[in-house]
Amino acid sequence: MVAVTPLVVPQVNVNDDTVLLIRWCVAQHGEVSAGDIVCEVETSKAAAEVRTDCAGVLVQSVSAPVRVRIGEEIGAIGPTREAAITYLETKTTATPDADRNVRATPKAAALAARHAISLEIVAGQGVRGTIKESDVQKFLDDHTTAVHPPGDQGRLPPRLSKYLEHAGALSEFDAAVAANLRQSTDHLILTSIDADCRLAAADGIIRQALAAGRMVSLLHLIIAAAGRVLPRFPRLMSFAYQGAVYRYRTVDIAFAARTPDGRLYAPVVRSADRTDLLGIAKVCQAEMLRVMRGTVKAEELEGACFTISQVAMPRTTRVAAVPSFGQSAALGVSAARPSIALVDGALVEQPLVTLTLGYDHTLCDGVYAAGFLDELIGDVERPAS
Amino acid sequence: MTEPLLDPNQRAAPADPTPAALLRRIRECMQAVLELSDAEAAGVDSKTTPLAVPRWTSLAHVQLILELERTFGVIFDADEIAELASVRAIMDALTRPRA
């Protein structure tokens, strides 16, 4: 009988209790030979390859990327797939649950969910790092504006309190939005770059649609263009986290939507790269209506790789958009303004907008970002017929 | 498909089948939401599209749809509203037989 060999996370760096399993190098149920590299892990100092010293069929018990403990079993290699699966299923040692990245109490998870906070960035003070409700509350206290009852300005620095008076509590909604953006800005090396986009062609498309009774706007056009261009700039739809780079699987693009009472939402156009302009217009209008009706669900606002925010208020010439946590780039769109352009040797008036790309310098530099803006603007200014 | 609104607290107007009356009430909704002057509102007819009304933007369109829902006691299918960007399309949607 040939034994099944557990695949255990090796101690790569003496200072680390955990490592990040970056990726598997062998497919699930793939065959391996002694000496093969089966996966890559990352410590606090470096990346390392994990090799097997036996041959057989690999059965993974965790999906990458994931943070795992030193000594933890992350799979098994057996003479057959069934043997390895049986070994893993009957293993009596406690297997950490699927949510091994984050151990949190239900109350903590609920509080984090209410405030749209990822538990992965909350420090757990409970047993074996379990995140308790008080840990989440402490995170909120540290990362959102403190809320005080009227007359209580005890936490305001004395040098400020003599100049300020209490003007009301920050709403839970605003606090949640702020927490999300704080998470993002704490995490990114946020840089921005601008470029102007002429709207002669876009105006023609929009006017044609409006004349036919279809509500198509510049925002819809830019979402459609971004859907076509983003796949050529994968770093803008990726996210750097704890030394690893993660890439979104689909080109889902969020757009900022503001209710009349000032609440900000970011509904999502799914698979924008595979949706035509009218389809995008339909989704945007439908999502805006759901936001206004208050029927949009939290999970419908998740998963976008990129956000576009348009502030079309007159005289707005630059909009610095902040990516949501989990994204590395966002596009701000200014109001349209008149400009003079030289067309076929003649000066003509053409409206333009300024597009401002906010991006994480961890993943891309100014040349890369400028390349994206150039292609995006080219798509808007010279749309394919 | 536009569905009848079931909430009895909604301020649904009584049914009035004449096109002229329907247009008048749509015009009132547009005047309120799009902040049209009396002269601008008077110029709204069944052929009017956002091209003729600069304040009829995509955001204002959503607000107009909500106002129409309140006024006529209906709920529009969210997926159809992008194609209701003309007075004619709105009139058709409001008079379409309901399931």
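Modeller: A residue is called buried if 20 or more other C-beta atoms lie within 10 Å of its own, exposed if 12 or fewer, and partly exposed in between, with C-beta atoms placed from the backbone. By that count, buried residues make up 26% of the 99 residues in chain B, while 35% of the 385 residues of chain A count as buried. Please keep in mind that this is a predicted model, in which local features need pLDDT of at least 70 and side-chain atom pairs count only at pLDDT 80 or more, whereas totals for chains, interfaces and linings use all residues. Residues are numbered from 1 along each chain as its sequence is written, and chains are lettered from A and ligands numbered from 1 in the order in which they are written.

Biologist: What are the elements of chain B, from the N terminus on?

Modeller: They run β-α-α-α-β-α, which gives four helices and two strands in chain B. Helices (H or I, at least four residues) and strands (E, at least two) are DSSP runs, numbered from the N terminus. Chain A, for its part, has nine helices and 19 strands.

Biologist: How many residues of chain B are in contact with chain A?

Modeller: There are 18 residues of chain B in contact with 16 residues of chain A, where contact is taken to be C-beta atoms, placed from the backbone, that lie within 7 Å. On the chain B side, α3 (58–72) and α4 (87–95) are the elements that give two or more residues, and α3(B) gives the most, with five.

Biologist: And how do the residues on that side of chain B divide by class?

Modeller: They divide into ten nonpolar, five polar and three charged. Here Ala, Val, Leu, Ile, Met, Phe, Trp, Tyr, Cys and Pro count as nonpolar, Asp, Glu, Lys and Arg as charged, and the others, Gly among them, as polar.

Biologist: Switching to chain A, in what order do the four strands of the open sheet come?

Modeller: The order is β1-β8-β6-β3 in chain A, with antiparallel pairing, and two strands pair if DSSP finds at least two bridges between them. Because β1 (5–8) and β3 (31–32) of chain A each have a single partner strand, they stand at the edges with one side left without a neighbour in the sheet. β1(A) pairs with β8 (residues 73–78) of chain A over four bridges, and the bridge partner of A:Leu7 in β8(A) is A:Gly75.

Biologist: Which helix packs on that sheet?

Modeller: That is helix α1 (residues 81–90) of chain A, which touches β6 (56–60) and β8 of chain A, and its direction makes about 145° with that of β8(A). Axes are lines fitted to C-alpha atoms, for helices over the stretch in contact, and angles run from 0 to 180 degrees between N-to-C directions.

Biologist: What about the hairpin, which strands form it?

Modeller: β10(A) and β11(A) form the hairpin, with two residues between them, and A:Gln242 in the turn has a positive phi of about 50°. Strand β10 covers residues 238–241 and strand β11 residues 244–247 of chain A, and they pair in the antiparallel sense over four bridges. One of the bridges joins A:Phe239 to A:Tyr246 of β11(A).

Methods
Contact = placed C-beta atoms within 7 Å.
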